[in-house]
Each structure stands twice: as structure tokens, then as C-alpha cells.
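Please keep the sequence and the model in view while working through the numbered points.

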Amino acid sequence: MTMTNFFGLPARLFALASLLLVGGCDQSRDLVPMLVLAKGSVKANGGAELRPGARLTAQRSLATGDDGFAGISLLPGVVFCLDANSRAELLPARLVKHDDQVVEREARVRLLAGRGYLRVAALEGRTMVRVETVGGEVRAVGETMAEIQIEPAERGGAIVTCCTGLIHASGVEVPAGSYSVSENGMFRLARGAEDEKARWERVLAAQQVEGVVESIFSRQRALRP
């Protein structure tokens, strides 16, 4: 004889339902990247000029002109910037919540040309941001600030410079104050930037962009993710 409770459910089914209610539930949703900062020429791949506040839904590819600079919010606490004469493709980002708490964030960008800056704030839960380049994949798994530069076509590679935190480039760890150059689609071992004037200037340039991104973060913190 099957025992039931006052809801009319079999005891085993009722126990399972109770555990699910106590344990909470996960909710996953895709977020649309948003242009939060635009200076100079910033265009969609169809040629239309983009303004701050544009949700990059139908046209997720964008490019900057000679005087252009763009700041894109991929997720709350995750911003990707495009320097002048750069092109990128922005892919959907994913946010997972357990009840009302964010437990996982994922975002992906393809840097097609020029220079991009990735800033990820210190966030609770798991954060994974991937930047795909012709020279290999760059990953940020926590708080970081990095510059990714696509080399001229004849060189066919990329350079990643880490300013804050830690970057993984094709599996190579690139800590703050160091950089890595790709060859044949793979990044090499990281090298210190402090002894090379040109490379250290890139670290300082990334720090300046980091200050710009902090103003974006301050606005994001006023909103719940």
C-alpha cells in the first residue's frame, strides 16, 4: 500500500519535492551586450553609427574608426573596450543564478582586428570570459585587466599584456606585469614587461583604461545583476 500525505502525493514524491524546494533552484539566461561608452566613430557592421545605450542584438559586430573608442558591458562587472581602428564580434553572455544569488557568469568575444581591453571585476561565484583571436584564445577566470593586440596581417599573431590579476593565453599563465606573444595560433611563455620600455608603456596604457572602466562599474553597482 502506497502512503500519501495531505497533498495527496506519494510519500517518496513528496519528499523529493520538499528537497527541491529547500535546495532552491538555478536559473540561466542569456544577456545582450550593451554599448555603454562611445567616443568618435563607433559603427555596427552594417555601417550604422552606434550611441551609448545601444543593445547589440541584431548587429553584434562593431568597429571603431581612427578616433573611435568603445566600452561594451558584457555582464555586470565585465567590460570589454575597443581602441581606435578595431573590430570585434560580441557573442551572447550567460548568467546563472541560484535563487537570487549569481553563481556563474560566462561571456565570449572575438577580437578580429586592432586592440581590445578586458576588465573583469572581483565577483562572487564563477566567472569565465573568453576572447578569441587569430593568435589563440585568451581567458580570464577572475579579476583582471588585460590588453589584447592583434598583430598586422603579415605577422598573423597577437600579443596579450596583463595589468591586473591573471590571464590564461592558450593555457599559458600571464600574470600582472607580463605579456605573451602568439606564434602559429599559440601563445608562448610569459615574459616580464618591466624591462622593456615599449611593453611597459602598454601596461601603463591599460591602467589608464582601467580608470575609465571603473566609472562604468560604479554605475553598474547601483543596479542588481
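**Note on the structure**

1. Beyond its neighbours within four places in sequence, Ala193 is in contact with Gly177, Ser178, Tyr179, Arg199, Trp200 and Val203, where contact means heavy atoms within 4.5 Å. Ala193 is found in the loop between strand E18 (191–192) and helix H2; helices (H or I, at least four residues) and strands (E, at least two) are DSSP runs, numbered from the N terminus. Ala193 counts as buried because its relative accessibility is 0%; buried means under 20% relative accessible area, exposed over 50%, and partly exposed in between (1.4 Å probe, protein chains only). Between Ala193 and Ser178 the C-alpha to C-alpha distance is 4.9 Å, although the two are 15 residues apart in sequence.

2. This is a predicted model, in which local features need pLDDT of at least 70 and side-chain atom pairs count only at pLDDT 80 or more, while totals for chains, interfaces and linings use all residues. Residues are numbered from 1 along each chain as its sequence is written, and side-chain values use heavy atoms, with hydrogens and water left out. The predictor's confidence in each residue, from 0 to 100, is its pLDDT; the mean for the protein is 80, and 79% of its residues reach 70 or more. Over residues 1–9 the pLDDT stays under 50, and the model has 11 contacts beyond four places in sequence for them. Residues 13–23 also have pLDDT below 50, with 4 contacts in the model beyond near neighbours in sequence. Where pLDDT is low, the predicted coordinates should not be read in detail.

3. Is strand E13 (residues 144–150) largely enclosed or open? Strand E13 is largely enclosed by the rest of the structure, because 7 of its 7 residues are buried. In a regular strand the side chains alternate between the two faces of the sheet. In E13 both faces are covered: Thr144, Ala146, Ile148 and Ile150 are buried on one side, and Met145, Glu147 and Gln149 on the other.

4. Two neighbouring strands deserve attention alongside E13. Strands pair if DSSP finds at least two bridges between them. E10 and E13 pair in the antiparallel sense over 6 bridges, and Arg119 has Met145 in E13 as its bridge partner. E13 also runs antiparallel to strand E14 (residues 158–169), the two being joined by 7 bridges. Here the bridge partner of Thr144 is Gly165 in E14.

5. Glu210 lies in helix H2 (residues 197–220). Its relative accessibility is 13%, so Glu210 counts as buried. Leaving aside neighbours within four places in sequence, Glu210 is in contact with Arg119, Met145, Cys163 and Thr164. The side chains of Glu210 and Thr164 make a polar contact (3.5 Å). A polar contact is a pair of N or O atoms within 3.5 Å; within protein, one must be able to donate a hydrogen and the other to accept it, and residues adjacent in sequence count only if both atoms are side-chain atoms.

6. Side chains of opposite charge can pair when their charged atoms come close. A salt bridge is a side-chain nitrogen of Lys or Arg within 4 Å of a carboxyl oxygen of Asp or Glu, and the count comes to 13 salt bridges. One of them joins the side chains of Arg115 and Asp83 (3.3 Å, N to O). That pair links distant parts of the chain, 32 residues apart: Arg115 is in strand E10 (residues 115–120), and Asp83 is in the loop between strand E6 (78–82) and strand E7 (87–90). Arg115 is partly exposed at 21% relative accessible area, whereas Asp83 counts as buried at 18%.

7. Arg110 forms a salt bridge with Glu89, their closest N and O atoms being 3.0 Å apart. Arg110 lies in strand E9 (residues 101–113) and Glu89 in strand E7, so the pair ties together parts that are 21 residues apart in sequence. A further salt bridge joins the side chains of Glu183 and Arg188 (3.1 Å, N to O). Salt bridges that share partners also join Asp83, Arg115, Glu147, Arg199 and Arg202 into one network.

8. How many disulfides does the structure hold? The structure holds 0 disulfides, a disulfide being a pair of cysteine sulfur atoms within 2.5 Å. The cysteine sulfur closest to that of Cys162 is in Cys163, and at 7.2 Å this is too far for a bond. Cys162 is buried, with a relative accessible area of 0%, and Cys81 counts as buried at 1% relative accessibility.
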